[in-house]
Amino acid sequence: MPYLGSEDAVRELRRALSNPHVQSDPLRYRSSVLRAVRAMSQGVDVSDLFSEMVKACATVDVVQKKLVYVFLCSYATLNPELSLLVINTLRKDCQDPNPMVRSLALRNMTNLRLPSLVEYVEQPLTAGLRDRAACVRRVAVLGWAKLHHLQPHPEIDAAVVNELYGLLRDPDPVVMVNCLRALEEILKEEGGVAINKPITHHLLNRLKESDVWGQCEVLRILQRYHPQSEDELFDILSLLDASLVSPHAPVMAATLSLFLGLCSGLPAVSLAALERVRGPLLAACGSVSRETRFTALCHIQLLLRSLPGLMGAHYKRFFCSYAEPAYIKQRKMQVLVELVNDENVAMLLDELKGYCTDVNPETAQAAISAIGRIGRSYSDRCLEILTGLLGLKQEHITSAVLQTMCDLVWVCPQCSDTVCLALEGCDGMLQDSQGRQALLWLLAVYGERVSSAPYTLEVFIDGVRSEASLGVKMELLTTTMKLFLCRPSETQDMLGRLLHYCIEEEMDMCVRDQALLYYRLLHCGIEETRKVLQGRRSDPSLGVLIGRPAEPISQWASSFNTLEPLRQGGVATEPASRGSPEHVTFDPKPNTDLSDTLNCSQIEKVNLDSDGASRFTYSSANVPARSLSLSPVLSPEAFERLWMQRHASHAEQGAEKLEEEEDYVCLEEHIQCPAVPYCSPQSLQAAMQLVNIQTLAFTPPHTLPWRVYLYTHTQHAHSGSTLIVGELLYTGEPSRRVVAVKKCTEDGDVVEEEEEAGMLSGRELVKKDEEEEEIKVTLKQQPRDDKALKDFLSILTTVLHTHN
């Protein structure tokens, strides 16, 4: 035979398939068909053999039929006219006594995927739904779903839908599950298959008869059903109890997802369900499949957000194996950080210390970062390990340790003495830009306490011409300026050389503009420069909130058993913004379109009464901080877009329309906190973050008007999640609000009137406190939740009063 890929090979195959002598020999004929299919699978264009293969399908040999049908389904779209010749043979096979041949004919009749053949396929599919063989009914049910997609504007056939609903009670479990899938596709525009009480209980009672994927499909569809009574709810939970501890991880995950959806209003039952799945999850973490292990670890991180101690007694199950891939090791280390307590901290730190010298640099850096997060609770032990790692003199380890120290000293300033001692002589081994930036940041903050800081900076400045990283250059400028303010005699010459290079020779405009800013700032005087560059530092006496409060299960229940936990980079033990304000990063892709989340079509203005109080009544009791959350993260760009959009819509709509709308709330309140505008932004941000309120932007202290923009998410079991964005405004002027005043008339009588506070004269006796300085708080919430808004304002007021 000629070479397989040539045109001669195709002609040779045509001659063989057309040869009467070959056709009379079943084995030779099947061999020729097999050669044609093999050539097709290897990428050879054998579409010219379509007519010969149509003739070859008229045989009693089942193997040859399968081969021919594979060929015909592959090239049917290229030969729609010749495909009509196959229909008669397929319809004849649908009447064959062999159920395998009938099911094969039905499957390939729908796999041709030609809209012109729909009218010829409907009658065999209808007959297939009533076939006595289960394998034929399975194919016929799925065939209707395929047929529905072939039509450009499909119309739902009520008779077929009723037939499919009736087959939900078919004795074959595969037919039952296929009916659910087919109805989901056919009724997609109507919301999918309708689930009522009889169907729900029927599916649950037959759940064990299906295979693993069939059970998952049934459990997924049942999530749309809402029990009509509490008794029915507990009956359903009883039926699901066995599947909750299924040895198959997909079934367990689908059952727990359904369990959490049904028990959204019963947190105690949800917590008990999480306890029940601990064993199956631990078993999945030891699965042979790497994909199953990784998925189980990601979902365990979700569970730990609501039950931090769920896996505490089994922390050894999350120790890394040498042969495991890096992505599984890193997830296990994230889980280990969640499980640290006083009893196991020593063993966990020893385990993580061993991972720091892993041959994979990413794994080693992840282990060092995990030790740093544990250091927020056990700083002395972790610093001892981190300083010991610096002695290894390995570049990627030193870089990761310095980055970890940057985060650690910001959260725990009492660690600064140990960090300063460790900084001596660790500059010569850094090659990556992130490590150099971390070292420069530490020298900028603690350079006056590091004896070798000027010599380290001189090495950086001498090599600035060969520096490729923009971030290192900008950090070098800031560090040199800060070190000049505390050690001028040692750094004056270096600062001059660096500014000259950045202004005269540097090509990057960002570096050049920053150098010009510092140069002009120095012309304003040392004191002005000091005010700009040397802000207040964290007070070591301030306690730090370690860990995070347990989140309600409803906050993450909808993402369980989905791809979302796998896409996340890991659940951190601290909020993402618990570090320096200069190093806060935000997710550039929010989880949702926030322009739709805050719908400006529903706005209500809350006015103040004559005595200056809001019409809401705020309780002075402390509101638990766990009702607030920073997830999903709101980027500064999204916040600005939403805030400006609210202002525009607020100005365009009339007051009467605003009073009628109900779903969006805009609240204005005044709080007497005169000292807050004069505190440092870092201390205010740290106080806000302790109660899960994120500040996005703020003006420097002693600057008028003084503004702070912030946001948070409120979490409630019944009302769900709402987004609150807010602004704190202080203008330095007396607040303009209506107050009760007493005026003296010409006759000497005292008359009580109402006027704005800003319009009062010196002769008027005002019935209010002597303190005039107030902060205007503007809050906007969507969707509306008065209770959540009152709780948030109570928390915000408490935080602001702590700075007085």
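**Close-ups of a predicted model**

**View 1. R113 sits in a loop between two helices.** Let's start with R113, found in the loop that links α7 (99-111) to α8 (118-129). This is a predicted model, so keep that in mind for every view here. What is the phi of R113? It is near 55 degrees, which is a positive value in a residue that isn't glycine.

**View 2. K393 is another loop residue with a positive phi.** Here we hop to the loop between α22 (379-390) and α23 (395-411), where K393 lies. K393 is not a glycine either, yet its phi is positive, at about 55 degrees. With a relative accessibility of 52%, K393 is over the 50% cut-off and therefore counts as exposed.

**View 3. Helix α18 is mostly covered.** How many of the 15 residues in α18 are buried? Eleven of them are. Among them are R293, F294, H299 and Q301, along with the run at the end, L302, L303 and L304. And what do the buried residues of α18 pack against? Their partners are α16 (267-276), α17 (278-285), α19 (326-338) and α31 (564-567).

View 4. In soluble globular proteins, nonpolar side chains tend to be buried together. The largest nonpolar core in this model has 191 residues, and M53, F71 and F318 are the ones with the most contacts inside it. Which residues does M53 touch, leaving aside its neighbours within four places in sequence? M53 is in contact with L17, V33, A36, V37, V68, F71 and L72. There's also a second, separate core, made up of 28 residues, including L628, W706, L710 and V799.

**View 5. Strand β3 pairs with strand β10.** Last stop: β3, the strand made of residues 665-671, is mostly covered, with five of its seven residues buried. Which way do β3 and β10 (residues 775-782) run relative to each other? The two strands are antiparallel, and seven bridges join them. To find your place in the pair, look for I671, which stands opposite I775 in β10.

Conventions
Residues numbered from 1 in each chain as written. Predicted model: local features only at pLDDT ≥ 70, side-chain atom pairs only at ≥ 80, totals over all residues. Heavy atoms only, no water. Buried < 20%, exposed > 50% of the residue type's maximum accessible area, 1.4 Å probe, protein only. Helix = DSSP H or I, 4+ residues; strand = E, 2+ residues; numbered from the N terminus. Contact = heavy atoms within 4.5 Å. Core = buried A, V, L, I, M, F, W, Y, C linked by side-chain atoms within 4.5 Å. Pairing = 2+ DSSP bridges.
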